[in-house]
Every structure is written in structure tokens, then in C-alpha cells.
Amino acid sequence: MTIEGKAIKFGDNIDTDVILPGPYLVHTDPHELAKHAMAGLDPEFPEKAADGVIVVGGKNFGCGSSREQAPIALKYSGVNCVLAESFARIFYRNAITIGLPVLVCKGVSVQVEEGDVLVVDLQTGKVENRTTGSVLEATRLPEFIMEILDDGGLIEHLKRRIETNE
Amino acid sequence: MNIIEKILANASGKQQVSLGEIIEANIDAAMIHDLTGPLAIKSFLEIGAKKVWNNQRIVVIMDHIVPASSIISANLHRTVRNFVEEQNIQNFYDVGRGGVCHQVMPEKGHVRPGEVIVGADSHTCTYGAFGAFATGIGSTEMAAVFATGKLWFRVPEVIKVNVTGELPKMVTPKDVTLNIVGMIGADGAIYKGLEFGGSTISDMSVEGRMVLSNMAVEMGAKAGIIEPDQKTLDYVKARTDKPFTPIKSDPDATYERVVDVDVSDLEPQVAVPHSVDNVKPISEVGDIEVNQGFIGSCTNGRLEDLRSASKVLKGKKIAKGVRLIVIPASQEIYLNALKDGLIKAFMDAGATIGNPNCGPCLGGHMGILAEGEACISSSNRNFVGRMGSTKAFVYLASPATVAASAITGKITDPRTVKEEA
């Protein structure tokens with residue numbers, strides 16, 4: 001699976017309160033959540049992400065609250081993948097669960113600029129920067145996580161496993 | 001093996017686990033609340049599951065936006081109540097029956113040493129204070145737990161934090177915790193476990209230990225565990241009659257590293273905006289005016305916290321132009337605070353008291369900040385927009401420091417407030 005998109009950059013310690021502020025947690029419709037993605041930092045983010053983007057973060061991306069609504073808001077606003085120096089644990093698991101690919105990619109926060117066009121190969125972990133021509137190696141995802149992503153998230157994965165008696 | 005490895009080995013039916021190994025653990029208790037619960041319920045139904053794996057091991061606690069502040073939240077609450085009814089969930093704490101989830105869980109006997117507990121809330125790590133492996137998970141993973149009673153974990157590296165020294169007067173477990181968060185950093189323990197130990201921790205009450213474990217997640221940790229001792233057993237046995245096996249680290253347990261902290265000369269600490277690890281001793285914070293003080297939350301809404309704050313406030317009035325919001329973390333704490341005269345002391349000082357719930361900590365309701373306002377809070381996060389406007393400022397401190405600051409209207413060292421006889 002390859003993912004292509006323009007990079008939108010954020011810094012270190014991007015917490016789930018800025019990704020999706022608390023007052024919006026009362027919404028259960030993913031499209032409604034998407035309207036408030038990154039509201040704590042950039043209220044115009046959903047507009048910028050609408051055509052499909054790759055978010056690039058620094059260290060500890062997604063720290064703070066366990067709210068699954070944070071990766072849901074990113075995914076439905078148009079984010080196809082998040083690359084970061086490191087991720088907070090609960091955000092990382094939640095993103096995989098809801099089918100949003102997240103890859104640890106050392107050096108990404110310095111070697112990618114806002115607006116660079118990136119092509120991410122999930123299978124190999126290769127991250128190609130079409131704008132600069134450079135190539136980065138992200139940490140490859142384990143097989144069982146790839147299976148969850150291939151199925152589109154944990155719910156579809158579990159449904160498939162129940163149906164096929166796997 | 002260390003305590004976390006031993007608990008995960010037991011929970012997965014293995015003699016031994018090794019670092020980095022992925023194990024599937026049997027879950028002893030699973031908790032949801034009114035904000036993460038509805039999504040867990042939605043996912044549970046989408047998976048196609050019909051019946052929860054165990055209606056006695058699931059705990060449902062209404063605490064984030066209660067009583068309902070809007071029609072939208074009222075509808076969420078109804079979704080949760082219907083699920084509790086349909087699935088015949090045995091442990092349900094509705095409005096007025098419990099309080100803040102991380103207080104209610106141990107208080108009502110749902111936490112025991114050696115257990116594996118998951119909650120759809122990041123501060124689930126609080127129960128590490130009782131020697132349990134407890135961690136926060138997302139709503140859909142919770143749905144999978146509801147369906148199967150199991151969840152996978154990676155056996156984490158563990159950092160041992162060894163705290164020694166006698167705490168100076170007016171310096172509290174919150175100050176120790178903030179100091180450690182500042183040292184380790186907001187990402188210093190990502191994916192890892194923290195084990196707190198040492199003479200200072202042994203001397204702390206169970207309530208004090210809960211502050212340390214509670215904020216383990218602010219360092220990125222998966223768990224913040226403390227070996228159970230007699231104080232733990234006394235607390236737990238008074239609240240549950242179910243059997244359990246306390247687990248401690250082996251003498252030859254291995255750790256990624258050991259961090260030594262001496263608190264003998266520690267000052268009150270403050271985490272200044274907008275990061276939890278932006279921690280300073282109060283003498284270096286400078287002249288900061290505050291509009292609001294908040295004493296409460298799963299971090300510092302317990303009786304010990306209310307006592308230390310009311311001691312500072314006794315016989316005094318809060319400054320003109322300052323709101324002080326006090327929210328006991330549970331019904332039990334509220335009643336005890338009433339009996340002890342603490343609620344009267346707060347009200348005499350000019351504070352307002354809220355019903356047990358999360359309140360303004362997460363910017364849900366009951367004290368949301370306006371643009372340009374500053375709040376000193378006993379809670380756990382000072383992120384941009386956490387308590388309201390993205391242009392507001394949140395300072396984290398101990399309940400005593402919040403009380404002292406409410407009196408003067410500026411961030412104030414509680415040791416400088418003259419005590420009433």
C-alpha cells in the first residue's frame with residue numbers, strides 16, 4: 001500500500017487536546033469530528049487537509065488523553081498517514097485501531113518541509129520526498145498491524161476474523 | 001522479573017515474559033465513562049458482538065460532563081445507561097452515586113494488587129498506586145475487550161524512580177510528581193513502565209501515591225506502578241472481599257535505568273504553560289496573576305488534598321476578582337469533607353463547590369476559561385485549550401499552592417501564607 005500527499009508539519013508534543021479539543025468530544029459522527037481536527041492549533045486545518053495530506057510531527061505526537069476521537073478527526077479530515085519522530089502510546093494504538101497508518105520515521109521533522117510531496121510505502125517503510133528527491137526509512141509495521149490496516153481498522157479486522165473463523 | 005513483567009506473565013498464563021514480547025493478557029476489570037463509553041458501545045455493536053464477556057468485570061462511571069450540560073451530552077448519557085441496562089452491567093455509578101472514575105474505581109473496591117485493569121481514559125494508570133498493572137486504551141480497543149476479555153500488550157522497558165528524603169512542610173506528593181515529570185520529560189517514558197519506590201513513597205499515604213501513578217501518563221508511560229505494602233493492603237481489604245495476590249519485583253529484577261530523586265530540599269513546584277514538563281520551583285515562576293483556581297480532579301481531589309488546601313485558606317478570603325472552584329473527587333470524599341468542616345471553610349473563604357465530577361479539568365464545563373485568562377489548577381494537564389480558550393493559560397500545582405494563590409490573586413508559595421491558630 002502506498003500513500004501520496006503533501007506534508008503538513010507540526011512540532012513536538014502535539015497533544016490530543018489540540019488535535020481535538022474536549023468540548024467536541026460529545027460528537028459521535030466522524031464527519032462532525034473532522035470539522036474540528038487540529039482546532040487547538042489551526043482552525044483552518046480541515047480545509048487544508050481536505051484533498052488528502054500526510055501529517056508530519058516531531059516527538060511524542062498524540063500525547064495526553066486517550067480520546068480515540070483525535071485520530072478519527074484527523075482521518076476523516078483528509079489525513080492519510082502520520083509520520084513522526086515518535087508517538088504517544090495510546091494515540092499510536094488508537095490510530096491503528098481506526099485504520100489510520102502511523103509510522104515512526106527518524107529525521108522526518110527536519111528533512112521534510114511544509115508542502116513537500118511525500119510517497120509512503122507502508123510495506124517497506126520507505127518514505128520518498130518527491131520535492132527534494134531524498135528518501136527516508138520509517139520503522140516498518142509488524143505483520144499483525146499491517147493486517148489490521150489492510151482490513152481498514154480493528155472493527156473490520158475482527159468482523160473478518162469472526163466471519164472466516166480465523 | 002520486575003513487578004510489571006510478573007503481572008503480565010500471570011495474566012497471560014506464562015511462567016516468564018521477556019522485554020519486547022507481545023502477550024495477550026486476561027483483563028480483570030475494564031472501565032468506561034460518559035465521554036469514551038458511547039464510542040466503545042458503538043464499536044461493540046459494529047463488531048457484531050451480542051453479549052459482553054463478563055458483566056461483573058465491567059465498570060461504568062459517569063464523571064466527565066455530569067450532570068448533563070447540553071442535550072448532546074444528555075443523549076450520550078442515555079446511550080450509556082441503555083447499554084448498562086441491556087447488558088446487565090453490575091457496576092454502574094450514575095450521577096450522584098460515585099464521582100471521578102479514577103477515585104471511584106479503588107474506592108468502591110474495583111482495584112486489587114496484581115490485577116490487569118484497562119480503562120478508556122488515559123489516567124487509568126492511577127491504579128498503579130495499588131500495585132495493579134493499569135493502563136488507558138481507546139474506545140474501540142475497549143469494545144474488543146468487552147467482546148473477548150483480552151488485550152495484547154508489549155512487555156515494556158521499565159524505569160525505576162527511587163524517591164528518598166523527608167518532604168518539607170507544605171511540600172506535597174503533587175510537588176514530587178511535578179518535579180519528576182520535569183526531570184523525565186513529557187516523552188521520557190513513552191511505551192515504558194515507571195516503577196516508583198523509595199522511602200518517601202513508603203511514607204506517603206495511599207492518596208499521595210495515587211498522584212504519582214496518575215501523572216505517569218504525562219511522561220508518556222504505559223503504567224506507573226508502586227509495590228503494594230501494608231498501607232495498600234489495609235486500603236484494599238477495607239473495600240473488597242475478593243481474593244488477590246500481591247506481587248512485588250524480584251530482588252534481581254532488571255530496569256532500563258534507575259532515576260534517583262532526593263526531595264529533602266524540594267520547593268513547591270509549578271508546571272507553567274503549555275507543557276506538563278515545563279516545571280519550575282515556585283521561587284522561579286515570577287509574578288503571575290490568576291483569574292481562577294481549581295482544586296479537584298483525579299489527580300488532586302481527595303480528602304488529603306482538600307485538607308491541605310483548607311488549612312491554607314482557613315480564616316482567610318480569596319482575592320477580589322478570583323474564582324476558586326473546589327470539586328471533591330467522589331461522593332464519599334464530599335461527605336467526609338462536610339463532616340470535617342472543610343466545605344464550610346472553603347465557602348467561608350469565597351470558594352464555590354461543585355458536585356463530584358471532572359469539572360473544568362478537560363474544558364467540558366463548570367469553569368471554562370476565557371481568552372487571556374489564567375488558572376492555577378491542581379489537575380494534570382496545561383495544554384493549549386485544555387481548560388477552554390486556546391488563548392488561556394493553565395498552571396499546574398498542588399492544592400495548597402492553588403489555595404495560597406487564590407488568596408493573593410497571584411501564584412503564591414503556600415509557605416508564605418500565615419497560618420491561623
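The structure is a predicted model, and the values below are computed from it. Across the two chains, 32 residues of chain A are in contact with 38 residues of chain B.

**Contact between the chains**

- On the side of chain A that touches chain B, the elements giving two or more residues are helix H1 (16-19), H5 and H8 of chain A.
- The residues on this side of chain A divide into 13 nonpolar, 11 polar and 8 charged.

**Helix H8 of chain A**

- In helix H8 (residues 154-163) of chain A, the buried residues are A:Leu154, A:Ile155, A:His157 and A:Leu158.
- Because these residues cover an arc of only 165° around the axis, they lie on the same side of H8(A).
- The buried residues of H8(A) pack against helix H5 (89-97) and helix H7 (143-151) of chain A, and also against helix H2 (37-47) and helix H5 (139-148) of chain B.

**Helices H11 and H14 of chain B**

- Helix H11 (residues 303-313) and helix H14 (residues 399-408), both of chain B, pack at an angle of about 30°, with their axes 8 Å apart.
- This angle makes H11(B) roughly parallel to H14(B), and H11(B) passes H14(B) in a right-handed crossing.
- From H11(B), the residues B:Asp305, B:Ser308, B:Ala309, B:Val312 and B:Leu313 meet B:Pro399, B:Ala400, B:Val402, B:Ala403, B:Ala404 and B:Ile407 of H14(B).
- The residues of this contact between H11(B) and H14(B) divide into 9 nonpolar, 1 polar and 1 charged.

Methods
Residues numbered from 1 in each chain as written. Chains lettered and ligands numbered in written order. Predicted model: local features only at pLDDT ≥ 70, side-chain atom pairs only at ≥ 80, totals over all residues. Axes fitted to C-alpha atoms, helices over the stretch in contact; angles between N-to-C directions. Helix = DSSP H or I, 4+ residues; strand = E, 2+ residues; numbered from the N terminus. Parallel < 35°, antiparallel > 145°, perpendicular 65-115°, else oblique. Left-handed = near helix turned anticlockwise from the far one by under 90°. Contact = placed C-beta atoms within 7 Å. Nonpolar A, V, L, I, M, F, W, Y, C, P; charged D, E, K, R; others polar. Buried ≥ 20, exposed ≤ 12 C-beta atoms within 10 Å, placed from the backbone. Arc of directions from axis to C-beta.
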